[in-house]
Structures are given as structure tokens and as C-alpha cells.
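The following questions and answers examine selected residues of one protein chain. Please consult the sequence and the structure while reading.

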Amino acid sequence: MHIRVASPIVLARSAVLFAGVSAHVAEPLDAQHDDRFRSRSEQVDNYVSARLERGRIPGAALAIVHGDSIVHLRTFGAADPAGRPVTPDTPFILGSTTKPITATAVMMLVEAGRIELDVAAVEYLPWFRTADANRSADITVRQLLNHTSGVSGFVGRAPLDDGDTSDGALDRFVRSLTGVRLVRDPGSAFEYSNANYSVLGRIVQEISGQTFEAYVQQNIFDRLEMDHSYTSQKAAELDGLATGYRFWFGFPRPAPDMPFARSVAPAGYLMSTARDLSQYLTLHLNAGSYEGTNLISPAGIEELHRPAATMESNTSYAMGWVIQTDGEEITIWHNGGIPNFYSFLGMLPERRIGVVFLANGLDVLAAGQFDAIPLGVLDILRGRNPRVAADSRFHPPLNIAVFWALVILTWQVVWIVASVSKRRPWSVQEQHIPVSPAIELRKIGLPVVLNFGWAACVLSLIPGASGTPFSVMKLYVPDFGFFATASAVLAVVWGTAQVVLRVVCLARAVR
């Protein structure tokens with residue numbers, strides 16, 4: 001789970017973006033494939049178009065894989081504010097769908113005999129430790145892959161706003177875990193954390209003798225002919241990287257300058273396209289082989305897809321994949337999101353069907369509605385009605401979190417205006433001279449406790465309870481972040497003003 005103050009997008013620009021949703025490029029289904037894909041492709045495209053328009057999503061790309069072939073490629077809308085169309089080869093930043101690729105890199109080294117799944121991470125990184133040195137020495141490669149290491153989600157989200165793109169960013173982050181306490185014993189339970197995959201990336205780097213990015217580029221992207229996939233943002237930009245959008249009050253605003261957190265690159269910062277990711281899914285649908293290139297053995301693919309950590313009823317985490325059981329059918333998938341991009345990879349392994357969905361925007365408070373688009377496509381390909389109707393709304397412009405932040409900020413302003421115009425809480429009344437210590441404790445202490453306490457609650461306690469640092473929360477939910485920041489700043493300013501004015505009035509009264 002990456003502030004500029006902005007107003008909702010103006011109607012003129014909205015018209016361009018939303019009109020772009022219906023403009024698309026389609027590549028027809030291969031004639032050799034089953035007619036059921038051909039008959040359902042129009043339903044799929046209509047469904048996706050309607051959901052994109054309903055969600056005001058500027059641009060997207062969709063791909064469907066059957067067996068060892070791409071059977072449908074469709075693009076929608078604009079890749080940037082200038083209206084450049086999205087194409088099947090337009091790169092998007094992936095977010096957490098990077099994790100299956102990192103898991104693939106690890107499994108390749110396992111099958112090469114250079115990494116063992118059940119060996120502790122310290123065997124590969126002797127200096128690796130957390131604040132719980134004894135417990136962290138028990139963390140295995142398998143536990144990192146399954147998110148059962150005991151490292152918290154908060155720790156994994158903390159670096160998402162650092163923007164460190166230097167060569168040493170990954171190493172510095174993994175070494176910084178020395179001050180982090182585990183939230184549970186290794187191997188005991190599931191806890192999703194980007195930090196797990198950063199440690200895995202650092203292991204890949206140590207074992208291969210290359211940077212994590214170089215290993216992935218040479219051993220996965222190049223070998224699978226993923227010609228428009230990148231580990232460098234600058235390289236992706238030269239190839240037409242889509243502009244990402246953040247949502248303010250339900251409306252997209254271009255956000256091209258979000259931090260690129262290389263310290264968590266193995267968890268969320270690879271870049272790829274609908275066509276290239278279709279080729280990657282082919283690897284998983286065909287027992288580790290793509291057009292004669294064998295990256296992983298069938299046993300290795302099976303291990304990557306094996307359910308290992310229970311997330312909730314009928315849902316488990318494997319190695320970079322979520323495994324969901326619906327009756328007797330299994331869906332293997334992973335979604336991803338950074339503040340301005342969304343992605344999804346999904347498979348129906350029994351049917352040998354795969355779906356790729358990429359979008360150049362994310363409204364994290366409507367993340368379930370973003371997931372509903374590719375999950376709805378999978379429903380259609382199963383012959384079902386999509387679980388979310390095509391015309392179902394995402395959420396109102398003032399969703400519940402933003403609404404309450406606005407209500408609290410408005411109440412603060414009304415209270416301050418009333419205090420200034422009527423009560424003047426800082427003033428010193430003649431009948432209170434000489435001033436009572438009890439009165440002064442209340443007049444000075446109460447504003448400090450209430451106002452500074454509220455600011456601390458907004459900036460620390462609420463983010464802590466949500467498992468996300470406030471600086472990261474502002475990136476992902478900018479409208480809420482704006483109101484929350486304004487509320488905290490107003491509380492500090494008002495609390496300080498009351499104390500200063502009280503002291504000034506007190507000095508004048510006893511003069």
C-alpha cells in the first residue's frame with residue numbers, strides 16, 4: 001500500500017478522459033481457439049468498459065490467456081493527460097503483482113541448487129536480523145515467500161514514501177530491520193508485509209552476484225521475451241510508461257511524480273505490459289514452460305501454487321499468489337496497487353485460463369471495486385454473471401473516511417470561531433485576580449492536552465491502528481490525507497494560540 005493539494009478534476013478535462021474509456025484497441029481472438037472465448041469476448045469488453053467509465057478510470061489494458069496462447073487483448077482509454085491511447089505494449093507500474101515474479105526468481109535459484117526453501121535467511125545473509133535476534137534467526141526462505149515470517153505489515157509499508165532510487169536502497173532497508181520487533185513467532189501465522197519480499201530480493205542479489213533488477217531482467221523478462229517490461233522507471237518512461245492517477249473525491253488527477261521506492265522493488269516496483277504479463281502467465285499455465293523455454297520445472301510451479309498460510313475462509317497464501325477455493329474450482333491470483341496504478345494477475349488453472357488487468361489509477365478506498373473488474377472477467381469466462389454489476393457505483397465522492405475527516409475539520413473551525421467571538425477562553429476576568437493556579441492549569445493545560453493530543457492522534461495513533469504510516473496514508477488517500485493534515489495543523493495552531501494569548505492576557509492583568 002505512494003501531498004499536493006488539488007481540487008476535483010475540471011469538467012473539460014474529465015470529458016477527455018472519460019470519452020477515452022470508450023476508445024479502445026482490440027486484437028481479435030485467434031480463430032483456432034474455442035468458440036466460447038469468442039462468444040464471451042464482447043460481454044467481457046462491455047463489462048470492463050462500463051466498470052471503467054463508472055469508476056472514472058483514465059486508461060486500462062486487459063488480456064486473456066488460454067493454454068499457451070494469448071486469445072484476447074483489449075485496451076481502453078488514455079495513457080496520459082495528453083490523450084495518448086493505451087496499447088498492449090504500454091508499461092504500467094505493477095505494485096504487488098511484482099511478488100509472483102520475485103517468487104519465480106527465488107524458485108529458479110532453488111531449482112539451480114543455490115537456495116533451499118527451508119533454510120534460514122541468515123544462511124544467505126549472515127548479518128540479517130530483527131530486534132528479536134533469536135526469533136529472526138529462525139525465519140526461513142519459505143516463510144518469507146508465504147508471509148509467515150512475523151514481520152508486520154506496518155514495517156513493509158513504511159518505506160513506500162521514501163523515493164530512494166539509489167543502488168543501495170534495498171540493502172539499507174533490509175539492514176534497517178535490525179530495529180524492528182516481530183509481531184509473532186516465525187511460521188505461526190500469516191501477516192502480509194512487503195518487507196518479506198525485500199529480504200527475498202536481497203537474497204537473490206547475494207546469491208546471484210547481480211542486483212535484483214538485473215537478475216529479473218536477464219533471467220525472466222529477457223528469456224520470456226517480455227520486451228516492454230522493466231526494472232528501471234527511466235527505461236520504462238522512454239518506452240511510454242503510462243501516467244498514473246490518484247483519486248481526489250472520486251475524480252482522477254494526474255500524479256506522475258509519486259515516489260519510486262526501490263527499497264521495496266522486489267515487492268512492488270517492477271513494470272510491465274498486458275502482452276508481456278500474458279506471456280508470464282503462460283509460464284504458470286504450462287508447467288513452467290513458455291514457447292519451448294523452460295524456466296521452472298512442473299514441480300516448481302506446483303510448489304509456487306501450493307496453499308501454505310490461511311488468510312481467511314477458503315483463501316490461503318502460497319508463494320506470491322493468493323489461492324481461493326470456490327466449490328471445487330480454484331482461482332490463483334494476486335492484485336497490486338501503488339498510489340497511482342492498479343494491477344491484477346489471475347488464473348483458473350483447471351480451465352488453463354489467465355487474465356491480466358492493468359489500470360493507470362487507483363482509488364484505494366474503492367479497491368474492492370477495482371478488484372471487481374478482473375474478477376468479473378473471470379466470472380464471465382466461467383459462464384457466470386459478474387459478482388459486481390456493470391453499473392454498480394464505486395463510491396460517492398465523499399466516502400465515509402473523507403466525510404468524517406471533513407466533519408471534524410468543520411467542527412474545529414466552528415468551535416474556534418465561536419470561541420473567538422464569544423467565549424474568549426484565553427482572557428483573564430477581573431474577578432479571578434489574583435489568578436488561581438487551578439484556573440491557570442485548566443486555561444493553559446486543557447488546550448494543550450486537547451489540541452496537541454488530537455494532532456498526535458491524527459498523525460500517529462490512527463495511522464498506527466490502520467497499519468500504515470501517515471506519510472504513506474496521504475499518498476494513497478490524498479483527499480483524506482489533506483483533511484486530516486489540515487485538522488492536525490489547525491489543532492496545533494489553535495492550541496498554541498490559546499496558550500500564548502492566555503499568557504499575554506495574564507501578564508497584562510497582573511501588571
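Q: Is R84 buried, partly exposed or exposed?
A: This is a predicted model, and R84 has a relative accessibility of 29%. Buried means under 20% and exposed means over 50%, with partly exposed in between. R84 therefore counts as partly exposed.

Q: Which residue meets R84 in a salt bridge?
A: Side chains of opposite charge can pair when their charged atoms come close. For the side chain of R84, the N to O distance in the salt bridge is 2.9 Å.

Q: What is the N to O distance in the salt bridge of D164 and R172?
A: D164 is partly exposed, with a relative accessible area of 23%. R172 is likewise partly exposed, at 45%. Their side chains meet in a salt bridge, and the N to O distance is 2.9 Å.

Q: How many residues apart are D167 and R262?
A: D167 forms a salt bridge with R262, with the closest N and O atoms 2.8 Å apart. D167 lies in the loop between α6 (153–157) and α7 (169–176), whereas R262 lies in the loop between β6 (251–254) and α11 (265–268). The pair thus links distant parts of the chain, and the separation is 95 residues.

Q: Which residues are joined with D379 into one network of salt bridges?
A: D379 is found in helix α14 (residues 367–382). At 3% relative accessibility, D379 counts as buried. Salt bridges that share partners join D379 into one network with E329, R351, R382 and R387.

Q: What distance separates the C-alpha atoms of V402 and L365?
A: V402 belongs to helix α15 (residues 400–423) and is buried, with a relative accessible area of 0%. Leaving out residues up to four places away in sequence, V402 touches F249, L365, D479, F480 and F483. V402 and L365 are 37 residues apart along the chain, and their C-alpha atoms are separated by 9.6 Å.

Q: Where is D68 placed in the chain?
A: D68 has a relative accessibility of 51%, so it counts as exposed. With D222, E225, D227 and E291, D68 gathers in a patch of negative charge on the surface. The place of D68 is the loop between β2 (59–66) and β3 (69–77).

Note on methods. Residues numbered from 1 in each chain as written. Predicted model: local features only at pLDDT ≥ 70, side-chain atom pairs only at ≥ 80, totals over all residues. Heavy atoms only, no water. Patch = residues over 30% accessible without salt bridge, like charges linked within 9 Å, V, L, I, M, F, W, Y side chains within 5 Å. Areas by Shrake-Rupley, 256 points an atom, 1.4 Å probe, with all protein chains shown as cover. Salt bridge = Lys/Arg side-chain N within 4 Å of Asp/Glu carboxyl O. Lys, Arg positive; Asp, Glu negative; His and termini not counted. Charge placed at Lys NZ, Arg CZ, Asp CG, Glu CD. Helix = DSSP H or I, 4+ residues; strand = E, 2+ residues; numbered from the N terminus. Buried < 20%, exposed > 50% of the residue type's maximum accessible area, 1.4 Å probe, protein only. Contact = heavy atoms within 4.5 Å.
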